[in-house]
Amino acid sequence: MILYDTALFRRMLVAVALVGGSVSAQAAEHPPFAPTRDVVVAYQVQASQLPTGPLGDGDAKGEHSIRMSYSAASGRVRIEQASMPGYMLIDRMAGRITMVVEPLQSFMDMPFDARAGAGLLLNDKMKFVRRGADKVAGMACTLWTVTSDRTVAHLCITEDGVILRGDGSDPRRGEGKLLATAVSYAAQPAAKFSPPPGFHRMELPAGVTLPGMGGNPSRSPG
């Protein structure tokens, strides 16, 4: 068994634990729930706090630069932070988050409930209200207020489903903001959204949970 620094979870958690949540109402009008074509977006992300508990010592507060890549063919998301030794893969169709740690040539799979919601991940259980139009990073986008049972977020989303700006608050996660600084519609290779060949599976540290997780994390055989 390989020891794993849970500070990695605290810092990378910021990338997904913003402007999202589950709701009971379904909206008739809404933006695309995901980008409709391959895209890479660079964001500046700000977080005020993290949940209490194993991830709640606050070392992921402040401003971070992240990069989100999206594959329209597979619906998978890759989130990277320049200061981190790896990246996060989200597969909503399979209900899985994968943390890839490049220096250790390893990865960790965790169940993910897409309906639970997370920043940059919209779904049909959220309530959307159109508020107008704006431009971010030179691109036109529609302003939406997105509400849930505990969250209110304000997003600016392009017609093809790219979130360009957002801010929101959640009593479990604090307040968060994100702003797109660059958008590229370059085609994304499928291999970018899976752990590299030869990387081995690791176990999730005991007691660690992430927003959107459900059930028990996957375990290595033996």
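Me: Which hand does the disulfide of Cys141 and Cys156 have?

Reply: The torsion about the S-S bond of Cys141 and Cys156 is about 90°, so this disulfide is right-handed. Cys141 belongs to strand β8 (residues 139–147) and Cys156 to strand β9 (residues 152–157), so the pair ties together parts that are 15 residues apart in sequence. The sulfur atoms of the two residues are 2.0 Å apart; a disulfide here is a pair of cysteine sulfur atoms within 2.5 Å.

Me: What kind of model is this, and how are residues numbered?

Reply: It is a predicted model, in which local features need pLDDT of at least 70, side-chain atom pairs count only at pLDDT 80 or more, and totals for chains, interfaces and linings use all residues. Residues are numbered from 1 along each chain as its sequence is written, and side-chain values use heavy atoms, with hydrogens and water left out.

Me: How many disulfides are there, and are Cys141 and Cys156 buried or exposed?

Reply: The structure holds 1 disulfide. Both Cys141 and Cys156 are buried, where buried means under 20% relative accessible area, exposed means over 50%, and partly exposed lies in between (1.4 Å probe, protein chains only).

Me: What is the overall secondary structure?

Reply: The protein has 1 helix and 12 strands. Helices (H or I, at least four residues) and strands (E, at least two) are DSSP runs, numbered from the N terminus. From the N terminus on, the order is α-β-β-β-β-β-β-β-β-β-β-β-β.

Me: How much of the protein is buried, and what about the nonpolar cores?

Reply: Of the 222 residues, 50% count as buried. The largest nonpolar core has 36 residues, and Tyr43 and Ile90 have the most contacts inside it. A second, separate core of 5 residues includes Tyr87, Leu89, Phe107 and Phe199. A nonpolar core is a set of buried Ala, Val, Leu, Ile, Met, Phe, Trp, Tyr and Cys residues joined through side-chain atoms within 4.5 Å.

Me: Turning to Thr98, which residues does it touch?

Reply: Not counting residues up to four places away in sequence, Thr98 touches Tyr87, Met88, Leu89, Phe107, Met108, Asp109 and Pro195; contact means heavy atoms within 4.5 Å. Thr98 is in strand β5 (residues 96–101) and is buried, with a relative accessible area of 5%.

Me: Which side chain makes a polar contact with that of Thr98?

Reply: The side chain of Asp109 does, at 2.6 Å. A polar contact is a pair of N or O atoms within 3.5 Å; within protein, one must be able to donate a hydrogen and the other to accept it, and residues adjacent in sequence count only if both atoms are side-chain atoms.

Me: New topic: what is the phi of Ala137, and where is this residue?

Reply: Phi of Ala137 is near 55°, a positive value in a residue other than glycine. Most residues other than glycine have a negative phi. Ala137 is in the loop between β7 (127–136) and β8, and it is partly exposed, with a relative accessible area of 45%.

Me: How do β7 and β8 run?

Reply: They run antiparallel, joined by 9 bridges; two strands pair if DSSP finds at least two bridges between them. Their hairpin has 2 residues between the strands, and the bridge partner of Val136 in β8 is Met139.

Me: And what about Gln105?

Reply: Gln105 has a positive phi near 45°. Gln105 lies in the loop between β5 and β6 (106–111) and is partly exposed, with a relative accessible area of 47%.
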